Each structure stands twice: as structure tokens, then as C-alpha cells.
Amino acid sequence: MMHRSFLFRLLGLLTVALSFASAQAQDNPAKDFPDKPIHLIVCYAAGGSNDLVARVLGQKLTESLGQAVVVENKAGAAGAIGAAYAAQAKPDGYTLLFAPSAMFTANSVFFKKLPYSSSDFVPISMVVTFPYFIVVAPSQPFQSVKDLAEYLKANPKKANFSGAAGLHQMAFELFKSQTGTTGEYVPYKGTNRSVAAVMAGDVLMTIADAGGVASQLKGGQVRGLAVTSRERAVTFPSIPTVAEAGYPGLQMGSWMGLLAPAGTPMPIVRKLQAEVNRIVKTADFKQRMNALEVTPEGSTSEEFGSFMTSELARWLAVAKAANIQPTD
């Protein structure tokens, strides 16, 4: 009888222990995360800057988490296809979105309806940022942004600007409002074509992201009048910032960040956040990002979310002032 009683007590203790372990696992879903591959959704085609940064990050996460991080390119509809796919994924941390700023700024300005919204996601961490360069052809006489602004004011009929994306168009609207100028925006398919238009004299100037104009700046095919970051670019230290050029209100840029579907447990978000913040500080990651003309950042989930909100508000205000109307 004592033997049977002992077994019952032992079974009872085991049941309590298992229940406690199960409760602990539920309370800390990140304890064994990840235990299978993670899918990283990129909303654009392979080979672009967004894809290249995502693949470096995915490789580093694979090394640190011990599970494969697989990049999936789901391009189309200005990135909306991939974003909608990620938004509808199970919120368990195994499907993540690697998104550029346009997904949550320009798209909201230019489209009335999107199959996703910022509320469909929980921010994990900002990963990188990159500024824009205000450039003209070296044959032009302008040596500064003030020179350019004075010419535009004196020759409004000759004022035209090239760009390759919605954010570039809004950047021009901000430029015009800050410099008191006017001008026509001419869209091109891709930054390379936009910059080539400046080189050929088809347009007067462009505002292009660092990666898209770096080689032309290095080769002297265009002249950089200012960089829109807070500090001078490491690779182009001779180009002044917009604040140094006299236009601090032109400080702007783009970013790329990691997000998860809304409802993803915060312990998992925190674990991924910690990994990203560790990775962006490593020498190898910094070196590889410098080669792509982007700056490693890192942030908390809350900091990233607050920044996204403020950026959207800023660009919506610019669009409203410029009377930019969204399309269906």
C-alpha cells in the first residue's frame, strides 16, 4: 500500500512539474524560439538595395539564432503584395517583413487604399538609414544649394527635377517649400535613369539616395551640392550637409527596418530586437553596409514605432501642402 501511495504522490508531483513547465513556456514563448526556419519577406525584386541589406541581415541572424533565415522576394504593386502577405501571416515570429520607409510613408501618400497598414505590424528594430544627395551636372555653374535656389527663382520656366520614386517626389516638394522655389517634377524608371537625365542636361537637378548616385559622385559625373543627413557622409566628407548649406529643414532620408505581424508575442519581438541591435554594431556588418552606402542603426521596438509615426505625419503634411492627391 505504501508503495502504491508513493507512486501516486510521485505521479502527482510530475503532473504539477509538467504543468509548471508548460506555463513557463507559455509565459516565455521566446525561450525556444526559433526552432524552425524564419521567412524574411522582401517586397521588391532580388538585387536591389532593400534585398541586399535583407540578405546580409538574414545571414547574420541565421548565424546567431541557429536557424535558417530565408529571404523571400514578393515584389509588385509598389511593395504592397509582399507587405499584405506578411501582414496576414501567423504572428509567431516565423514570418517577418523587411521594409523600406516608402512602404509606410510614400505608399500612404500616393494610394487611397492599401491591403495593409502600419497597425498590421509590430516594429522590431530600425536596421539602416541612408540620406539623399542634391546633385547637378558638373557643367552647371551652381556651387551650392543657395546658388541653385537663386537660379530657380530667377528662371522658373527652366526649373525641372528628376526622380525615381514617390519619396523623391516628396523630397522635391520639401525642397521647393524650404527654398521658396517652383519647378516641374519629371519621373524616371529607376535612380540610374534619373541621375543620367541630370548628366545629359535633360533636367536641372535631382535628389537621389546615396546608393543610387555614389558611383557618379565618385566619378565626377555629377556634383553634390549637399547631403540631407545630420552629419556629413563618411564616403563624401567634402559635401556639406543641408544645415551647413543653410537649409536645416531639408534634413531627411530613408530607412529600412524589421517588423513582425501584429500580435507577435513581445518576448519574441524583444529577442529579435536584441539580435538586430547586436548585429548592427559588429564590424563586419558595418563594413558591408558602408559598401552599400547605408548606415547601420538599431533601435528598440518603441523607438522605431515612434519614428515611423512621426515620419508618416511629416510626409503627409508635405503632400497636403503640395496638393498631392492619392490615386485608387
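Which residues do ring pairs link into a cluster? The cluster consists of F161, F172, F175 and Y185. Rings of Phe, Tyr and Trp (its six-membered ring) pair if their centres lie within 6.5 Å; planes under 30 degrees apart count as stacked, over 60 as edge-to-face and the rest as tilted.

The model is predicted: local features need pLDDT of at least 70, side-chain atom pairs count only at pLDDT 80 or more, and totals for chains, interfaces and linings use all residues. Residues are numbered from 1 along each chain as its sequence is written, and side-chain values use heavy atoms, with hydrogens and water left out.

The protein chain has 11 helices and 11 strands. Helices (H or I, at least four residues) and strands (E, at least two) are DSSP runs, numbered from the N terminus. Along the principal axes, the C-alpha atoms fill a box of roughly 105 × 40 × 30 Å. Of the 328 residues, 48% count as buried. Buried means under 20% relative accessible area, exposed over 50%, and partly exposed in between (1.4 Å probe, protein chains only). Among contacts with a separation of 6 or more, 77% come from residues 24 or more positions apart. Contact means heavy atoms within 4.5 Å.

F161, a member of the ring cluster, is placed in strand β6 (residues 160-163). Its relative accessible area is 1%, so F161 is buried. S108 lies 53 residues from F161 in sequence and 23 Å from F161 in space, C-alpha to C-alpha.The structure holds 9 aromatic pairs. One of them joins F104 and Y116 edge-to-face, at 5.9 Å centre to centre and with 85 degrees between the planes. This pair links distant parts of the chain, 12 residues apart. F104 sits in the loop between β3 (95-100) and α4 (106-110), and Y116 in the loop between α4 and β4 (121-130). Both F104 and Y116 are buried.

Charged side chains also meet rings. K74 lies over the face of Y85, at 4.3 Å from the ring centre. R314 lies over the face of W315, at 5.2 Å from the ring centre. A charge sits over a ring if NZ of Lys or CZ of Arg is within 6 Å of the ring centre and within 35 degrees of the ring normal.
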